[in-house]
Amino acid sequence: QVQLVESGGGLVQDGGSLRLSCAASGTILRINTMGWYRQAPGKQRELVAAITSGGSTNYADSVKGRFTISRDNAKSTVYLQMNSLKPEDTAVYYCNANLIARWIATSDYWGQGTQVTVSS
């Protein structure tokens, strides 16, 4: 069984910073791409940032230059450093991992979500 456990969300003022973490655990053989998505009320879930096993990254245009994604392969953990936060960044942030687990073909897994609220 595979689990993704997120931490680091909360309430911050406009211009502030937060760091999200997501640790994968279970009978994991290989983790491919890891990423962060977010969903604001009344909106569709959207990709925020992703990072491959080799360290290549891509970002949504709205967060480029403000957010940084990184990963620690030894800890099966992905991070999202969020700086210069804006009220429009308010959303539930979800961790995603594309991975191979024992006895299971390559699949996508999701964390439970963590709330990020930016006050103006």
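Two strands count as paired if DSSP finds at least two bridges between them; strands themselves are DSSP runs of E, at least two residues long, numbered from the N terminus. By that rule, Asp72 stands opposite Thr77 in strand 8. This is a predicted model, in which local features need pLDDT of at least 70, side-chain atom pairs count only at pLDDT 80 or more, and totals for chains, interfaces and linings use all residues. Residues are numbered from 1 along each chain as its sequence is written, and side-chain values use heavy atoms, with hydrogens and water left out.

- Four strands form an open sheet in the order 1-3-8-7, with antiparallel pairing.
- Strand 1 (3–7) and strand 7 are at the edges with a single partner strand each, so one side of each has no neighbour in the sheet.
- Neighbouring strands of this sheet are turned by 15 degrees against each other on average, direction ignored; the axes are lines fitted to C-alpha atoms, and angles run from 0 to 180 degrees between N-to-C directions.
- Six bridges join strand 7 and strand 8 in the antiparallel sense.

**Positive phi in loops**
- Most residues other than glycine have a negative phi.
- Ser76, in the loop between strand 7 (67–72) and strand 8 (77–82), has a positive phi near 50 degrees.
- Trp103, in the loop between strand 9 (91–101) and strand 10 (104–110), has a positive phi near 75 degrees.

**Accessibility**
- Ser76 counts as buried because its relative accessibility is 19%, buried being under 20% relative accessible area (1.4 Å probe, protein chains only).
- Trp103 counts as exposed because its relative accessibility is 83%, exposed being over 50%.
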